[in-house]
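Please read the points below beside the sequence and the model. They are set out for a reader who is new to protein structure.

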Amino acid sequence: MRVRDAMTPNVLVISPNHSVADAARLMIARHVGAAVVVDDELPGPGIVTERDIMRSIADGRDAANAPVREVMTFEARTATTTWDLDTAAAEMVRNNFRHLLVVDEHGDLAGIVSMRDIVRARLGSTATLTA
């Protein structure tokens with residue numbers, strides 16, 4: 001199974017100027033744990049995650065006024081659509097993160113894959129999921 005089989009192609013994209021609170025609200029509304037951060041002044045896409053938001057609040061930042069650029073990860077790690085899911089999972093475990101941006105053969109953003117996406121894809125191929 002490949003990353004393209006498990007990734008979410010419709011990613012939440014925000015600006016580094018969004019407030020941390022706005023990013024959290026958008027992520028909650030979309031039921032996602034991360035947003036891709038894009039800006040013409042950045043060398044590449046970044047990412048802001050639930051963990052980043054929790055850390056910023058724990059550090060005492062004012063979420064309503066702190067911009068995402070203060071808490072995000074710049075130049076987020078990427079996988080290609082053709083990576084094997086085990087390779088993507090190993091990369092996440094090795095580097096202690098739960099999301100990879102996914103790029104196509106041209107290097108353009110194609111989606112995002114989370115550890116949950118990988119588990120869901122693996123379980124879906126071997127077991128019947130019940131609620």
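**Note on the model**

1. I28 is classed as exposed because its relative accessibility is 62%; buried means under 20% relative accessible area, exposed over 50%, and partly exposed in between (1.4 Å probe, protein chains only). I28 belongs to helix α2 (residues 20-30). Helices (H or I, at least four residues) and strands (E, at least two) are DSSP runs, numbered from the N terminus. Between the C-alpha atoms of I28 and D39, which lie eleven residues apart along the chain, the separation is 22 Å.

2. On the basis of the model: it is predicted, so local features need pLDDT of at least 70 and side-chain atom pairs count only at pLDDT 80 or more, while totals for chains, interfaces and linings use all residues. Residues are numbered from 1 along each chain as its sequence is written, and side-chain values use heavy atoms, with hydrogens and water left out.

3. The strands form an open, three-stranded sheet with the order β1-β2-β3 and mixed pairing; two strands pair if DSSP finds at least two bridges between them. β1 (13-14) and β3 are the edge strands, each with a single partner, so one side of each has no neighbour in the sheet.

4. β1 and β2 run parallel and are joined by two bridges, with V13 opposite V36 in β2. Strand β2 (residues 34-37) and β3 run antiparallel, joined by four bridges, and here V36 stands opposite I47 in β3.

5. Strand β3 (residues 46-49) is covered on both faces: G46 and V48 are buried on one side, I47 and T49 on the other.

6. Which residues touch the most other members of the largest nonpolar core? They are I14, V37, V48 and V68, in a core of 16 residues. Such a core is a set of buried Ala, Val, Leu, Ile, Met, Phe, Trp, Tyr and Cys residues joined through side-chain atoms within 4.5 Å. Helix α2 gives the most to this core, with four residues. A second, separate core has 14 residues, including A88, L100, I118 and A121. In soluble globular proteins, nonpolar side chains tend to be buried together.

7. Leaving aside neighbours within four places in sequence, V37 is in contact (heavy atoms within 4.5 Å) with several residues, among them I14, V48, V68 and M72.

8. V38 lies in the loop between β2 and β3. Its relative accessible area is 40%, so V38 counts as partly exposed.
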